[in-house]
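Biologist: I'd like to go through this one with you, term by term. Shall we look at it together?

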Amino acid sequence: MVKRSLQASNIGIQQAKRAFARKGWTQENLAWEVGLKTRQPIWRFFSGRPVERHIFLEICSILELNWLDIVISPPGEFCDPGEVAQNAVLDIDVLVQQVRLRRQEKIQDQCGILQLLDIGHPVAIDDIYIDVNILEKIASQQWLEISDLKNLNQEEFDRFGKGEIEQKQIPGMQAVETYSKLRVLGKPGVGKTTFLQHLAIQCNRGAFAANQVPIFIVLRNFAEESRGRGEFNLLNYISQEFATSRISESSIIETLLGAGRVLLLLDGMDEVLNQESNAVLREIRRFSDKYHKNRFVATCRTAAQKLTLRGFTDVEIAPFSQEQIIGFANKWFVAFTKTTTYDGQAQSVKFIQKLDLPENWQFRQLIITPLFLHLACWVFHGQEKFPTKRTEFYKQGLDILLGKWDEARGVERDNVYRGFLLPQKLKLLSQIAAATFKEGQYFFEQRVIEQYISDYIRNLPEMPTEPEELQLESEAVLRAIESQHGLLTERARGIFSFSYLAFQEYFTARKIVASHNLQALEQALGGLVSHITDPHWREIFLLTAAMLRNADRLMQLMKQHIDALVAQDPYLQEFLMWASQQSLTISKQPKIASARAFYLALARTPHIASHFTLACTLDQGMFLDAALDNLLLECAIDRSQDFAYGCTCRDALSNILGIVLDAGFYKALQQLREQLPNTNQNQEKFQLWWQAHSKAWFEQLKTTIINYRNTNHHWQFSQQQQQALQSYYDANQLLLDCLNSNCEVTTVIRQEIEATLLLPTKEIEDKGLT
């Protein structure tokens, strides 16, 4: 018979008092937490007197104590099985608390820690977990046309099908509370397993589903053990699991299930081997139908969602928002910085600040999942900066997705690849990426990508030759790439893309670099250079330059192609000659190419900040010319009635005199300033003078500047010439970015390119560097 009352032992009372002291409560506070109207049962508990069973258990639970460690002479078992059946309704709350207490340590051990990739020690889940958000609308189930997706920008591309920023999201816990049977989908590394572990821990603590018993099952372990026993039976598997917590009667489990008092967490539907998946699914369906009063949460990769579960609602984990990224980074650096919490928080702030820099936008596109965010934190942790060569970061990420992630968790996948080695997988993905990127295809229909796969695998040994068999094999490979690695993803029904544009670009560059001989490499580099004016190929150039063992030939081809953009236009060649001559007038020359870039930008109107990017280093002479040019532009505006405007021009000229070094030029400008009436004496007199003489004064100013600085040359470009100049300028910027990207370029080639950057054809020929 079940005891109706329990009392604490002397040792138990001491443990309880210490736990009570840590809470800092009064007995009245504890009585309120337990739900009592009087503190008398609390007094009896701490006095070692008998207390009603359910009150005793509740006090222990609130004080976070195992009641078995507190009670005098704990019973060997919970109760007589027959009595449970007779008093199930009466005693179910007591039974739930008993089982929760017996299972508490097991759940904490099973779900309370995480082993992060490449980290040598575990971390408590509370120290790293960030609440996830849920998308109730699954993008890959939408019916869309490719034409609907073609105009997406970079950020929209990477987020489409993974939860657009404006798409409605709900907290993960709310989704579990809303749906009694829930299947949580997600791409690799979005935190599906961690979410289930968090649910188990919250339930274990009574913070969620406090009236239910959490059970966490790794489905691949269930399948493996069931295969050995020859039967797939969840009830038997749970019974064996409970036996490790000293709960041996199957009637207890059935009582809990029958009353709907179980939170069953089923992790990794996609990790079950194909030959066992049907049996596992049948058992989950049978079990969830029979014990439908309970709460079920299963996880599965989005690509394997065709493994349907009747009665389950599918939702998908949303990518991290900026707020979640900041929260995760803060927890990560505090957890893994080996000094103080303050130091960890400080490093987290640096991480976010550098992540937000314009040059790191590619990293921002990738770290919207915990897996890649962890990798970014780990890479940043050592040097407090992101790698200059993004290719190394991409390579590490791909190594994780192509096998390391599964290996670290002991997951065995089906051998759909028919023995593909890693180099073959990389080659296949590179061919798909290069073929689609060249055609401008960021999204492609399933039949198109299956044809690319078919073209590759038909030449492999032991592959079928019959078209129908080859088609089936191609479809299986596509699904394997999607479900196992997440590198290709179904964005809408029958429409695929690479999961990140960065990966498509990386594999495209890799295809160029992996050319099998020098002749093929020369041809591939020539094909790449033909796209030098296409901004969509910018990242391919940077990645290719970084991946080449020696990028000399690529730099030379780029330079030749850039010079050819303006070589056939005499007027543009004259313009380049003028800029080159102006750059020679600089007294303390910076890099000569920077001076040329400055004058090219100065001669173009309107002035745009991006035009001056190449001329990022200004000496005093260049600064003077910029100030003079700005003064001329201001004076050219017709504001002859504006007294304040005339004063501004006078003040600007006074400031310019402070940086003029040439004596003759200084004297000429000073004479022009002296022609202006003193603004402090008579405003009306100044305004009358300005109205009558400002235009003539302005013409004298222009003539003086042209005579001494030769910067006010009125270049008139046609629309076609403006476009050619813009392409020429942007291509030179790309060439410099490649040179400065830590690529392997010999000193001779680097100096040759820098010496001839932005020069007209004649000067390049005169230098003998054509």
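Modeller: Gladly! This is a predicted model, where local features need pLDDT of at least 70, side-chain atom pairs count only at pLDDT 80 or more, and totals for chains, interfaces and linings use all residues. Residues are numbered from 1 along each chain as its sequence is written, and side-chain values use heavy atoms, with hydrogens and water left out.

Biologist: Which hand does the crossing of α24 and α25 have, left-handed or right-handed?

Modeller: The crossing of α24 and α25 is left-handed: the near helix is turned anticlockwise from the far one by less than a right angle, whereas clockwise would be right-handed.

Biologist: What makes α24 and α25 roughly antiparallel?

Modeller: Helix α24 (residues 518-529) and helix α25 (residues 538-547) pack at an angle of about 150°. Angles over 145 degrees count as roughly antiparallel, under 35 as roughly parallel, 65 to 115 as roughly perpendicular and the rest as oblique. The two helices are therefore roughly antiparallel to each other.

Biologist: Which residues of α24 and α25 meet?

Modeller: Leu-525, Leu-528 and Val-529 in α24 meet Ile-540, Phe-541 and Thr-544 in α25 (contact means heavy atoms within 4.5 Å).

Biologist: Why is the pair of Arg-220 and Glu-271 called a salt bridge?

Modeller: Their side chains meet at 2.5 Å, N to O. A salt bridge needs a side-chain nitrogen of Lys or Arg within 4 Å of a carboxyl oxygen of Asp or Glu, so the name applies. Arg-220 is in helix α11 (residues 219-229) and Glu-271 in the loop between β9 (262-267) and α14 (274-290), 51 residues apart.

Technical notes:
Axes are lines fitted to C-alpha atoms, for helices over the stretch in contact, and angles run from 0 to 180 degrees between N-to-C directions. Helices (H or I, at least four residues) and strands (E, at least two) are DSSP runs, numbered from the N terminus.
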